[in-house]
Amino acid sequence: MDKQKIGLLVMAYGTPSSLNEVEEYYTHIRRGNPPTPEKLQELIDRYEAIGGVSPLNAITKSQVEGLERKLNESTCSFQVYVGMKHAHPFIEETVEQMAKDGIHQVIGIVLAPHYSIMSIGAYNKTAREAAQAHGLEISCVDSYHLESLFVDALVLRVEAALARFPKAERKETMVLFTAHSLPEKIVEMNDPYPRQLRETAEAIATRVGISHWDNGWQSAGQTNVPWLGPDILEKMTMLKAEGVKQLLICPIGFVSDHLEVLYDIDIECQKLAQELDIHLERTASLNDDPLFIEALADVVLRKVNEH
Ligand code: FEC
């Protein structure tokens, strides 16, 4: 094959492709510790509530194909691969395949915009170790939370969602920019994750001209350590007590529709919103939006040009 081709390793979370794979997937997320039967059933119930499987793998595939098309419109020649954190093909398996295909130079990018040592840091560490094991040169993107077309795409999503509120209610609508919670210890580690999330939210709020907004944490894991909070459900109850009647959730920490969006927001938060008598809307996910794909392509091309 063409020795000049750059291998682009697009890394994504991964999801089970059927309910039969949920136990293996959950065990992998728990670093090899199988969940109790109760915890496993709870997770299966959540997948069942969103239709049995998450659309995440199909969306990841479409994002990766779109990115490959976009990148190969330019002068560089890329061979694009996908590697998952918690499902096949795992990042390690994909890097091995890249080596077999004769790739020498690898660029890594994660389908998550904000850096934490516990999220993007972990993907990149796995990729770097695998690349080293196969003698490949690798350079990984750390974050793209203020990338111009990424922010543009989110601004359009927020404007479209605000337009779903009656005109008279729009100015008073509270916008919560959410992301996956992480264990609180990252704050002591001076991890950039909370700051980067604040910066993305601020950039969107300024552009759209939103007066009432905040960051929010969602989908915390069920472990014995404290997680960043308040959790979005608690936050909604607090906002109701402050008089909020219209709420827009914009999950800036995620780029696709998946369990944490379709269940945690669309089912769990919507149920609470009804109980609290709050009008809740959610911004559409970026998925394979051409503007988002172009943002990713810009980030990748800049990384290549750093060399
Ligand atoms: O649709 C799907 O099937 C997959 C949805 C999914 C995405 C996702 C993204 C992130 N996670 C992050 C951190 C953690 C930490 C733990 C953790 C646990 C789970 C569990 C499921 C799950 N996550 Fe996830 N995450 C998704 C799904 N996540 C299922 C297990 C059940 C549960 O706790 O709810 C806790 C691990 C532990 O037990 O020690 C930490 C972060 C992201 C966003 C960045 C990214 O996409 O990589 C951070 C999508």
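1. The crossing of α1 (22–29) and α2 is right-handed, a crossing being left-handed if the near helix is turned anticlockwise from the far one by less than a right angle, and right-handed if clockwise. The contact is made by V22, E23, Y25 and Y26 on the side of α1, and by K39, L40, L43, I44 and Y47 on the side of α2; contact means heavy atoms within 4.5 Å. Helix α2 spans residues 37–49, and α1 and α2 pack at an angle of about 115° with their axes 10 Å apart. Axes are lines fitted to C-alpha atoms, for helices over the stretch in contact, and angles run from 0 to 180 degrees between N-to-C directions. Helices (H or I, at least four residues) and strands (E, at least two) are DSSP runs, numbered from the N terminus.

2. On the basis of the model: this is a predicted model, in which local features need pLDDT of at least 70 and side-chain atom pairs count only at pLDDT 80 or more, while totals for chains, interfaces and linings use all residues. Residues are numbered from 1 along each chain as its sequence is written, and side-chain values use heavy atoms, with hydrogens and water left out.

3. On the iron site: Y13, through its OH, is the only protein donor of the iron atom of the ligand, at 2.2 Å. Donors are N, O and S atoms within 2.8 Å of the metal (3.2 Å for Na, K and Ca); water is not among the atoms, so sites may look incomplete. Y13 lies in the loop between β1 and α1.

4. An open sheet is formed by 4 strands in the order β2-β1-β3-β4, and the pairing is parallel; two strands pair if DSSP finds at least two bridges between them. β2 and β4 (137–140) stand at the edges with a single partner strand each, so one side of each is left without a neighbour in the sheet. On average, and with direction ignored, neighbouring strands of this sheet are turned by 25° against each other. Within the sheet, β1 and β3 pair in the parallel sense over 5 bridges, and V10 stands opposite I109 in β3.

5. Helices also pack on this sheet. Helix α3 (residues 56–71) touches β1 and β2, and its direction makes about 160° with that of β2. Helix α13 (residues 290–305) lies across β1, β2, β3 and β4, running at about 145° to β3.

6. Which residues of helix α4 (residues 91–100) are buried? They are I91, T94, V95 and M98, where buried means under 20% relative accessible area, exposed over 50%, and partly exposed in between (1.4 Å probe, protein chains only). Seen down the axis of α4, these buried residues fall within an arc of 100°, so they line one face of the helix; the arc is that of the directions from the helix axis to the C-beta atoms. Their cover includes β1 (6–12), β2 (78–84), β3 (105–110) and α5 (120–133). G102, with a positive phi near 85°, follows α4.

7. Strand β5 (residues 174–180) has 6 of its 7 residues buried, so it is largely enclosed by the rest of the structure. It runs parallel to strand β7 (residues 246–250), to which 4 bridges join it, and M174 has L247 as its bridge partner in β7. Strand β6 (residues 213–218) also runs parallel to β5, the two being joined by 6 bridges; H180 stands opposite Q218 in β6.

8. Backbone geometry deserves a separate point. Most residues other than glycine have a negative phi, and most peptide bonds are trans. The peptide bond from H88 to P89 is cis, with omega near -5°, and P89 is in the loop between β2 and α4. A cis bond also leads from G229 to P230, with omega near 0°; P230 lies in the loop between β6 and α10 (232–241).

9. S219 has a positive phi of about 60° although it is not a glycine. S219 is in the loop between β6 and α10 and is buried, with a relative accessible area of 11%. D277, also a residue other than glycine, has a positive phi near 60°. D277 lies in the loop between α12 (264–276) and β8 (279–282) and is exposed, with a relative accessible area of 60%.
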